[in-house]
Amino acid sequence: MKPKRAALYARVSTQEQQTLKLQTEQMRRYCKQRGWVVALEFQEVGSGANPTRPKREEILRAAHQRRIDVLVVWKLDRWGRSLLDLIHTLSDLQGLDIGFVSITEALDLTTPTGRAMAGLLGVFAEFERELLRERIKAGIAQAQKDGKHCGRPRSAQKKASDVVALYRKKTSLRQIALTLGMSRSSARRVLIAQGRIRA
């Protein structure tokens, strides 16, 4: 049986670059103990919240190209930007039948116990999504109660007096829209709201 091909991913912030060597050494040792071959090894310096992490994207590409069998990280927060991001990528890797190991947390998705743990993480991620949705709804409701407009800005309404003035001069809807840099439908809505034309 062929040994598993492992990809190692180490990430540090700009302030903690000295831990890169520690992370990679521990991951290499772990792979050696498991009899896995290190096929790819990536090191990234930058904030975990940074949406652009080229080395991480490279590993995900390698996973989709089936160049690896398992991804090894030192710690979960080295890989995931958030719980939702972590769950999304773990689910993606599971769909590709690629294992995931975080050696610090002893999370190993190549085992049945580890896969059960991933299921629990999914439950927590869904809970977080629900909480976020509730907070957004509550925020919108409060803003509306305070008389604030929610949604797209009403830019056409700001030009209402100009729309009406041009319409009084018998300017066509097309010409009003061109002159004021808006769509014909927006100009029409303003005129309907002002009672100048019927809906």
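Visitor: What counts as a helix here, and which helix holds Ile 140?
Guide: A helix is a DSSP run of H or I with at least four residues, numbered from the N terminus. This model is predicted.

Visitor: Is Ile 140 buried, partly exposed or exposed?
Guide: Buried means under 20% relative accessible area, and exposed means over 50%. Ile 140 has 37% relative accessibility, so it counts as partly exposed.

Visitor: Which residues form a nonpolar patch with Ile 140 on the surface?
Guide: The patch has about 240 Å² of accessible area, taken together.

Visitor: How many helices and strands does the protein have?
Guide: From the N terminus on, the elements run β-α-β-α-β-α-α-β-β-α-α-α-α-α. The totals are 9 helices and 5 strands.

Visitor: Which element gives the most to the largest nonpolar core?
Guide: This core has 21 residues. Tyr 9, Ile 59 and Trp 79 are among those with the most contacts inside it. Strands S1, S2 and S3 each supply at least two residues, and so do helices H2, H3 and H4. The top contributor, with 4 residues, is H2.

Visitor: Which residues beyond its sequence neighbours does Phe 100 contact?
Guide: Phe 100 is among the residues with the most contacts inside the largest core. Set aside the neighbours within four places in sequence. Its contacts are then Val 70, Leu 71, Val 73, Leu 76, Trp 79, Leu 90, Leu 93, Leu 107, Asp 108, Leu 109 and Thr 110.

Visitor: How many residues are in the second, separate core?
Guide: Its members include Ala 10, Tyr 30, Trp 74 and Ile 103. The core has 14 residues.

Visitor: Why do the buried residues of H7 line one face of the helix?
Guide: Helix H7 spans residues 160-168, and its buried residues are Ala 160, Val 163, Val 164 and Leu 166. Seen down the axis, they line one face because they fall within an arc of 165 degrees.

Visitor: Which residues are exposed on the other side of H7, and which residue with positive phi follows the helix?
Guide: On that other side, Ser 161 and Arg 168 are exposed. After H7 comes a residue with phi near 65 degrees, Lys 170.

Visitor: What share of the protein's residues is buried?
Guide: The protein has 199 residues. It exposes about 12,600 Å², with 53% from carbon and sulfur atoms. The buried share of residues is 36%.

How values were computed:
Residues numbered from 1 in each chain as written. Predicted model: local features only at pLDDT ≥ 70, side-chain atom pairs only at ≥ 80, totals over all residues. Heavy atoms only, no water. Core = buried A, V, L, I, M, F, W, Y, C linked by side-chain atoms within 4.5 Å. Buried < 20%, exposed > 50% of the residue type's maximum accessible area, 1.4 Å probe, protein only. Contact = heavy atoms within 4.5 Å. Patch = residues over 30% accessible without salt bridge, like charges linked within 9 Å, V, L, I, M, F, W, Y side chains within 5 Å. Areas by Shrake-Rupley, 256 points an atom, 1.4 Å probe, with all protein chains shown as cover. Salt bridge = Lys/Arg side-chain N within 4 Å of Asp/Glu carboxyl O. Arc of directions from axis to C-beta.
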